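Student: I have a model open on my screen. Can we go through it by question and answer?

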Amino acid sequence: MRISRRIVALLASASLVFALAACGNTGATTKKADETTAAKETTAAAEDTTAAEKETTAKADETTEKADETTEKAEETTAAAEETTEKAEETTAAPTGDVELAGKIVVYTRDATSGTRAAFEEIVGFEGELTDTALETSGNGDMAAKVGADAHGIGYVSLTTDFEANNLRKVNYNGVEPTEENVLDGSYTLARPFNYVMRADFVDEDTEALTRAFVAFITESVEGMEAIFGAGGIVDPDLGRPWDEVKEDHPIVDQDNSGLTLRTGGSTSVEKVLTAALEAFVPLAGNFEFAMNHTGSGDGYKRTLGGEKDGANAIELGFASRAFKTDGTEDFGADDVYGTFCKDAVVVVVSEDNAGVTELTQEQIAAIFKGEVTDWSEVDEIVPEKMTGKIVVYTRDATSGTRGAFEEIVGFEGELTDTALETSGNGDMAAKVGADSHGIGYVSLTTDFEANKLRKVNYDGVEPTEENALDGSYTLARPFNYVMRADFVDEDTEALTRAFVAFITESMEGMEAIFGAGGIVDPDQGEPWDEIKKDHPIVDQDNSGLTLRTGGSTSVEKVLTAALEAFVPLAGNFEFAMNHTGSGDGYKRTLGGEKDGANAIELGFASRAFKTDGTEDFGADDVYGTFCKDAVVVVVSEENTSVTELSQAQVAAIFKGEVTDWGDIDEIEADKMAGKIVVYTRDATSGTRGAFEEIVGFEGELTDTALETSGNGDMAAKVGADSHGIGYVSLTTDFKANKLRKVNYDGVEPTEENVLDGSYTLARPFNYVMRADFVDEDTEALTRAFVAFITESMEGMEAIFGAGGIVDPDQGEPWDEIKKDHPIVDQDNSGLTLRTGGSTSVEKVLTAALEAFVPLAGNFEFAMNHTGSGDGYKRTLGGEKNGANAIELGFASRAFKNDGTEDFGADDVYGTFCKDAVVVVVSEENTGVTNLTQDQVAAIFKGEVTDWSEIN
């Protein structure tokens, strides 16, 4: 799946950046050290100044202890407090917990030459209007350090920044999270290009050739793009060609270039991705040297083609984190000396201490940076201009599968307003809604939203993404189905049709083509086409005389075209003809009334489930099926800036015609859950329970009315079946099958990425412990080999990762290397049994790891008896280690106890093998609860809040 591969790549970048930090060139290291020292000194000075300027009102019950230290009585009183508070003259009180910040806003910006600053001001829309009180910073690192150290500060940095290390909180922009995916799909609009420019006159021909080779490496090659992507640059490596092909035009790379130096400069934001790319290129290009002197985007041009190109700081390649200027101040002469090599997101940031700010609109940010709003308490008063006026509803024609799926899921079949305007297809819908500022419609997730000037609208609080459709949290999704003829014109056409169906439903290559075009499918579930095609010999002959005709859903066209184009060269270069007019025609022209007409086809497609009312009869099971999923996306024009989120109830009311003016939208609310909250918890031995209570912070205070469950699966089933229930499960849980709704925690979605970057804090380790005394040496050797497999090998980590465990496979080594220390795996172990037990939350990832290990380790047997984290220790080293339920390996989904109740004897018998997130869950019927704060979760589980109506 895309999310899996993306996480692997992101994790790889972490290890790469670490290596670079340790091994980078001396100049870059010295520069960074100087910047860090300067940042610390400047930060200290800024803090002193800021402390003197700030006045913070704190609640009385939080500032009582500081009363004796305060020298001046407050001039104002907090509206929320009933007692008089005092202001600190020397110390700015940092907020704690979820207390909303008040007090003077301290605006940080970059210097005037910064490309980041230029891009930020241009996109947010306040060029030339920056407040005079803004404090300038010398670079991306300086900005990050200063804002992170200032609880009242706000600034903006590159998405490549280490947010956790700098104590920074990323702020969503216009309701959209700053992620690579959101930049690529155009939904996160606070993004800018990373551009390069090279000299027109080089010191010698070799230096020019090397420079051009490096530009080709980062703009054309898979390897260059992967290095950039791994370091956080936003680019698609799949669009590149292998370097071995690209380098044929650059023979310079095959000679010894150790005497050459490639000098770069310009944008400081580019440094991280550029360093990664240079480090990757050096060994491929004759081991040249490089020197980096990055001081701002403006210098990128000046030192290559501008006034400083012949000065002491001249460079071969300059970089800018903004578009180059077209006002005549930057003149390039030739087109081949500049271009874009990736994109980056600019991220608005505040200190982590500023707990109340997680989201800002464009209007709010502009008002802050223009100085129109100077106190954090005033921020919520800034709202975008609300859309008003008649709502224009667009829909698809009656045969459309998209329309059928949309009406069924939203729940208003047969009730569409008579004023709805019909469109002829997905493209027509997209074009018309994008051109109508008062319009609303729905399109496929495969649509080009940016090109059509469309704004995707979140549905029931969930963003329409592939990941959310796959995990079931985005419910406005539908299948893409196929149906084939029962009678073909000839045997070869039938054979070719069935081969193509196998290609898109069984093969890795077919699924990758679909996936690459936006279809929601998991290519890792496929097998290599070379294996599958053995059952389809038709593909090995010349099929240039055959034509495969397709029709049906227009929504399917994009992914189907990609799949057909990928299949043609693998199947004898056949022809294909596409005539897509709607899902209803997919059946009619293959098996229905038009199957022998002029528009007859071999394969029909529907973007909805096939009908079971007798109007669509298939005869045999092997002529139809599902090949991928798609999400239906509610859309408005990008000019409609106030509508970013709609509930199911709001969407239904609009399309039914019950609400006809945009100004009335907020009056429609989904039914809020009311009634007694039913709290579910795990038993006292559960590691999930231990981790959950510890992190949320209510150990020993669980309500007496909580209902205990016997394991992760039992918890999931019971909460899913109880509309008033709340509980917590592992992130590896099948939420859709259990009818569960994942609840965001403190405003952060429970995802692997968010666990890895530390923003989702409700996470815990998956630990193992093994016996000290085994039944025999072979069993011990096999157990230790398996531990090495899951903790050291790439293959073991990939199995865990694929099953939902949060781990970085790129940190592992090939099993073929590791197994040299474990000769037991090369013998026949069919007579051995490896017994595991402990945490039930670990079962899913552990099963995947064991199944992957068995064929690599002599086909041993394994037996799993998982009843809770406490038993993981008891049955290996504790009181039950010699009992009937004794095991070789125990697992806990919590840290092992250091209170003396769990004693290990030796360090090599236990450890951590991956991480997991604990997810607060409610039934999917509880549509009103999508986010809970730490305080709210604690209050519910402590029994302080007992009715859903009390949750705000």
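What follows is a short exchange on strands, aromatic rings and backbone angles in this predicted model.

Student: Which residue in S10 stands opposite Thr264?
Tutor: Start with the strands. S9 (residues 261-266) and S10 (residues 289-293) run parallel and are joined by five bridges. In S10, the residue opposite Thr264 is Met292.

Student: Which residue in S11 is the bridge partner of Thr264?
Tutor: S9 also runs parallel to strand S11 (residues 317-320), with three bridges between them. In S11, Thr264 has as its bridge partner Leu317.

Student: How many aromatic pairs are there, and how are the rings of Trp243 and Phe281 arranged?
Tutor: The count of aromatic pairs is 42. For Trp243 and Phe281, the ring centres are 5.6 Å apart and the planes meet at 80°. Planes over 60 degrees apart count as edge-to-face. Therefore the Trp243 and Phe281 pair is edge-to-face.

Student: How many residues apart in sequence are the parts that this pair ties together?
Tutor: Trp243 belongs to helix H9 (residues 243-246), and Phe281 to helix H10. Both Trp243 and Phe281 are buried. The parts they tie together are apart in sequence by 38 residues.

Student: Are Tyr459 and Tyr474 buried or exposed?
Tutor: Their ring centres are 6.3 Å apart with planes at 70°, so this pair is edge-to-face. Tyr459 is in strand S18 (residues 458-459), and Tyr474 is in the loop between helix H15 (466-470) and strand S19 (477-484). Both tyrosines are buried.

Student: Which ring does the charged end of Lys742 sit over?
Tutor: Take Lys170 for orientation: its charged end sits over the ring of Phe163, 5.0 Å from the centre. The charged end of Lys742 is also 5.0 Å from a ring centre, that of Phe735.

Student: Is Asn573 buried, partly exposed or exposed?
Tutor: Most residues other than glycine have a negative phi. Asn573 has a positive phi of about 55°, and its place is in the loop between helix H19 (557-567) and strand S21 (575-579). Its relative accessibility is 47%, so Asn573 counts as partly exposed.

Definitions and conventions:
Residues are numbered from 1 along each chain as its sequence is written. This is a predicted model: local features need pLDDT of at least 70, side-chain atom pairs count only at pLDDT 80 or more; totals for chains, interfaces and linings use all residues. Side-chain values use heavy atoms; hydrogens and water are left out. Helices (H or I, at least four residues) and strands (E, at least two) are DSSP runs, numbered from the N terminus. Buried means under 20% relative accessible area, exposed over 50%, partly exposed in between (1.4 Å probe, protein chains only). Two strands pair if DSSP finds at least two bridges between them. Rings of Phe, Tyr and Trp (its six-membered ring) pair if their centres lie within 6.5 Å; planes under 30 degrees apart count as stacked, over 60 as edge-to-face and the rest as tilted. A charge sits over a ring if NZ of Lys or CZ of Arg is within 6 Å of the ring centre and within 35 degrees of the ring normal.
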